[in-house]
Amino acid sequence: MKKSARLVCSLAVILFSVPAVWSQEKSDLETISRIRYEGFHNSKVMEFATGLMDSIGERLTGSPNMKRANEWTRDQFTAMGLSNSHLEAWGPFGRGWANQYVNVRMTSPDIVPLIVYSKAWTPGTNGVATGKCIRVTIEDKKDFDKYRGKLAGMIVIFGPDAEVKPITEAPYKRLSDDDLAKTGEYQIPGERPPFRFADFLKRQQFMKELNQFFTEEKVLAVIDHSRGTAGGGTVFVQSGGSYKTGETATVPQLTMASEHWTRIARLLQQKKDVTLELNVTNTFYDDDPMQYDTVAEIPGTDRKDEVVMLGAHLDSWHAGTGATDNGAGTIVMMEAMRILKALEIKPRRTIRIGLWSGEEQGLLGSQGYVEQHFGSRPHMDEPSMKDMPTLLRREAGAVTVKPEQARVSGYFNVDNGTGKIRGVYLQENAAVAPIFESWMRPFKDLGMTTLTMRNTGGTDHLSFDAVGIPGFQFIQDPIEYETRTHHSNMDVYDRLQSDDLKQISVIVASFVYETAMRDQMLPRKPIEKPLPKEPEKKEE
Ligand SMILES: [Zn+2]
């Protein structure tokens with residue numbers, strides 16, 4: 001074909017066959033090839049994994065390990081040659097906490113060690129403590145009277161019956177074409193988001209009253225069982241109430257493997273005496289009320305005042321080592337930065353990584369960063385709502401933005417475990433679809449095929465989205481996230497899938513690179529309007 005004929009043809013294609021917005025999103029395939037090569041042949045992602053998960057370990061917000069992880073990631077970034085690697089404070093948070101020792105055994109009617117973990121922000125036992133067990137089920141405060149005066153010095157075997165079932169489906173899952181097609185279908189949202197202000201406050205209030213009740217009744221310890229039916233020695237463990245100064249639980253609380261808990265429950269039902277011996281050491285840390293995010297950059301060139309951000313939360317729960325939640329997200333973001341730096345990319349816009357703490361307590365680290373740099377809604381007076389993030393304060397009024405907000409093109413987040421990327425949640429931002437469509441094309445052979453207009457919640461991209469910065473979370477294969485690792489004692493290095501992590505690192509590095517090089521910033525969508533106040537519900 002002659003050059004002029006070809007020009008006419010391609011013009012015709014642009015003008016007539018393809019809608020204007022879907023045309024000609026540039027993709028720098030040569031750089032994408034180099035990113036792929038560096039990420040698949042020279043990967044450091046599993047080195048980052050052992051550094052974070054094995055050498056440091058759990059990273060509960062406020063724990064000494066959390067601070068170590070902040071400092072280690074900062075120093076890794078400096079060693080990589082990134083600029084401006086530093087910690088940024090947010091807070092005040094509340095109390096730091098770490099578990100140093102836990103040993104629980106049954107001493108009667110049988111002698112046997114038990115699988116059990118301390119719940120975060122609960123005290124230890126002050127040495128060896130022995131007590132008789134009593135089964136207690138409390139669903140609301142009307143149930144307190146049933147047990148009043150009967151619990152002093154007792155170990156409370158707490159909660160509804162645990163149901164243990166055989167595992168009949170593989171605990172491991174990749175998304176099928178069918179699953180992806182379903183994710184691709186948009187669901188029109190309801191009038192109000194599912195988060196209910198009043199319900200949340202009520203639940204929080206009940207937890208407070210329950211902990212107060214156990215204190216007043218001089219309970220020795222409270223032991224509940226792991227969630228779910230899978231059992232098998234996997235124990236899902238979170239907190240035993242508030243982390244706020246002056247509000248932490250005063251009675252030791254533990255979560256036990258379901259099969260061990262049910263043995264005790266059955267013996268108690270048969271009116272047998274069950275005695276346990278507990279020895280738990282936990283430490284509270286009150287020296288520094290502030291917490292920290294780790295931030296570092298690759299400076300831009302002709303558009304250096306504009307920024308592309310990528311991030312993940314660095315904090316975890318404490319029973320495992322937070323490998324899939326969210327060590328995985330942390331190390332792929334570190335690796336994406338390493339790849340871009342190793343290739344000596346000179347991005348037009350500045351590329352900035354943020355590793356957040358406090359995510360598990362309500363996106364607190366990313367929220368703190370966004371509030372300091374980009375914008376927020378007014379604060380609310382109610383003490384329990386004071387620390388709620390902007391995205392949950394829609395009843396407080398409109399978002400006010402700072403000048404920096406206008407200069408952030410987009411934010412990319414990974415926090416769905418170790419599984420490889422299969423697509424992107426567009427968070428209802430239709431204008432980015434054709435752009436991402438084009439950037440996704442080079443990764444079809446790696447299984448990335450799906451864009452969905454759906455929102456996905458629960459993690460740090462929401463902090464950015466809430467103030468009008470395009471924030472994205474990728475669609476990932478679940479692997480063993482819900483069945484085994486998410487917030488469990490088995491969220492450890494061995495559950496990481498290295499090939500998946502390499503795939504994620506390469507794709508994130510590419511998307512970040514394309515965003516940094518693009519002529520324009522990413523298109524934006526409207527900021528959520530304030531919500532009218534929820535009508536007061538009458539106490540029943
Ligand atoms: Zn997470």
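**Figure 1. The largest cavity of the predicted model holds about 60 Å³ of space.** A cavity is a set of points on a 1 Å grid over the protein atoms alone where a 1.4 Å probe fits but cannot get out, and lining residues have an atom within 4 Å of a point. Grid points are joined across faces, edges and corners, and a volume is the space filled by probe spheres set on the points. By this rule there are three cavities of 30 Å³ or more. The lining of the largest cavity consists of Leu426, Gln427, Asn429, Asp465, Gly468, Ile469, Pro470, Gly471, Phe472 and Lys525. Of these residues, four are nonpolar, four polar and two charged; Ala, Val, Leu, Ile, Met, Phe, Trp, Tyr, Cys and Pro count as nonpolar, Asp, Glu, Lys and Arg as charged, and the others, Gly among them, as polar. Residues are numbered from 1 along each chain as its sequence is written. This is a predicted model, in which local features need pLDDT of at least 70 and side-chain atom pairs count only at pLDDT 80 or more, while totals for chains, interfaces and linings use all residues; side-chain values use heavy atoms, with hydrogens and water left out.

**Figure 2. The second largest cavity has a volume of about 50 Å³.** Its lining includes Ser316, Trp317, His318, Asp325, His487 and Asp491. Two lining residues are nonpolar, six polar and two charged.

**Figure 3. The zinc ion is coordinated by His313, Asp325 and Asp415.** Donors are N, O and S atoms within 2.8 Å of the metal (3.2 Å for Na, K and Ca); water is not among the atoms, so sites may look incomplete. In sequence, the donor residues follow the spacing H-x11-D-x89-D. His313 belongs to strand β11 (residues 303-313), and Asp325 to helix α9 (residues 323-342); helices (H or I, at least four residues) and strands (E, at least two) are DSSP runs, numbered from the N terminus. His313 counts as buried because its relative accessibility is 0%, and Asp325 is buried at 3%. Buried means under 20% relative accessible area (1.4 Å probe, protein chains only).

**Figure 4. Ile264 lies in helix α8, which spans residues 258-269.** Ile264 is buried because its relative accessible area is 0%. Leaving aside neighbours within four places in sequence, Ile264 is in contact (heavy atoms within 4.5 Å) with Met106, Leu114, Cys133, Ile157, Met256, Val274 and Leu276. Pro109 is 155 residues from Ile264 in sequence, yet their C-alpha atoms are 9.9 Å apart in space.

Key
Buried means under 20% relative accessible area, exposed over 50%, partly exposed in between (1.4 Å probe, protein chains only). On a 1 Å grid over the protein atoms alone, a cavity is a set of points where a 1.4 Å probe fits but cannot get out, and a pocket is an open set with protein on both sides within 12 Å along at least five of seven lines; lining residues have an atom within 4 Å of a point.
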